[in-house]
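This report concerns the pairing of charged side chains. The sequence and structure are shown below.

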Amino acid sequence: MPIKTNDYSIKFNQYDLIKHIQKNTHDEFIKKIIGIDNIRYIYGGLCYGLTDRFLVNAYKNKEIAFIQQLIASFNVPPSPSTHHGLSMNQREQHLYYKNKAYFNELFHDIFKAQFNQNIFADLQNTIHQFTYPPINKKEEIFDYMNRVIDKNIRKIGISKKALKPYIHQLKALLSQVNKAIRTPSIQSSTIENNTNFQTFIERVKYSCLNPQKNGISNNKIKLFFYYSAKYLAKEVLNKTIIYNEITGASYSPKHQDIKDYNIDNHKETITLKELKSRIDKATNERKVLACDLCNKDHAMAIIVQPLPYNNKIGFELFDPNKGLLVTNKKRNFIELINRIVNKKNSNFIKNNNGEKCIEITRRFIINKS
């Protein structure tokens, strides 16, 4: 059965938001805060950014209001200079600038989360596709690896310009690694106290060093850059996590608590049956389940929560391409998830048994009584 638009309590389509931005690329906010070079990152979609902000707003019971206010912000009247050829009165100007400022605030947070997610993927892909010139005679490994970085930075085209600062970080990372290898007892740098960096260093020490253990082995350079890509990409994704935690969000659970957690790609993979089991558990225990649901190229979100004003359980599903379902009927909620996952040609990954699986990249602790 095809997914019906009327399943959704609030209609929403992320491409309306994208079109709104495309029409306003001359806006000073977009040019200065977002950056013209970075705008291309919205054209493929904003589903990760929208899903992230939807879930974070759930902490304040404002996830529904967030969607409603975002939609309302599209209806900002034309600018004072183009309002039917007439100048606006003082009240209209105040409303225009208030709505515009509110939209900019909403969109900035959406864009930051989406941008970090896209850089997370693009950065790994770009470094994994590095080309390696021949090493010169008597050339030190450290110098050669810096030359590899420079060569590949020059190859980055205009469409990937936003990646250059992150690729440049490879040089600083290489210096940090050399320092950690040669003086392992020194822990003065902030980055060396970073758990992500410590995990990265352990991998490098275990898999990439020469027999003397004092530098990177010639035949392990590609492996070093592979691990470096994972480290840097995870640091980018951590920006979103840190920002959300500052605003009060709590992620759950820790990696060790998840059976099928991929530490490199920040994702947990579960079957539809396992997801239904979690929904049942949250319903029976009257606890909140709040997480994203992702396939290979799209992100959605679900919330299961006890309602504060009666003895029922509320169910929400947000699909940035369709809208928001809000219901207290679990059957309708489960049916919609079934149709999304089992839709013909849906882009969900499959496990070894051929079952379609859902990827969860963000799971939150939300306590509501």
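## Criterion and overall count

A salt bridge is taken here as a side-chain nitrogen of Lys or Arg within 4 Å of a carboxyl oxygen of Asp or Glu. The model is predicted.

## Lys-171 and Asp-150

Lys-171 and Asp-150 form a salt bridge with an N to O distance of 2.6 Å. Because Lys-171 belongs to helix α8 and Asp-150 to helix α7, the pair ties together parts that are 21 residues apart in sequence.

Lys-171 has a relative accessibility of 25% and counts as partly exposed. Asp-150, at 27%, likewise counts as partly exposed.

## Lys-160 and Asp-122

A salt bridge also links Lys-160 with Asp-122, whose closest N and O atoms are 3.5 Å apart. Lys-160 is located in the loop between α7 (141-155) and α8 (164-182), and Asp-122 in helix α6 (residues 90-128), so this contact ties together parts that are 38 residues apart in sequence.

Lys-160 is partly exposed at 29% relative accessibility, whereas Asp-122 is buried at 15%. The latter assignment follows because buried means under 20% relative accessible area.

Glu-285 pairs with Lys-287 in a salt bridge, with 3.8 Å between the closest N and O atoms. The relative accessibility of Glu-285 is 38%, so this residue counts as partly exposed.

Terms used:
Residues are numbered from 1 along each chain as its sequence is written. This is a predicted model: local features need pLDDT of at least 70, side-chain atom pairs count only at pLDDT 80 or more; totals for chains, interfaces and linings use all residues. Side-chain values use heavy atoms; hydrogens and water are left out. Helices (H or I, at least four residues) and strands (E, at least two) are DSSP runs, numbered from the N terminus. Buried means under 20% relative accessible area, exposed over 50%, partly exposed in between (1.4 Å probe, protein chains only).
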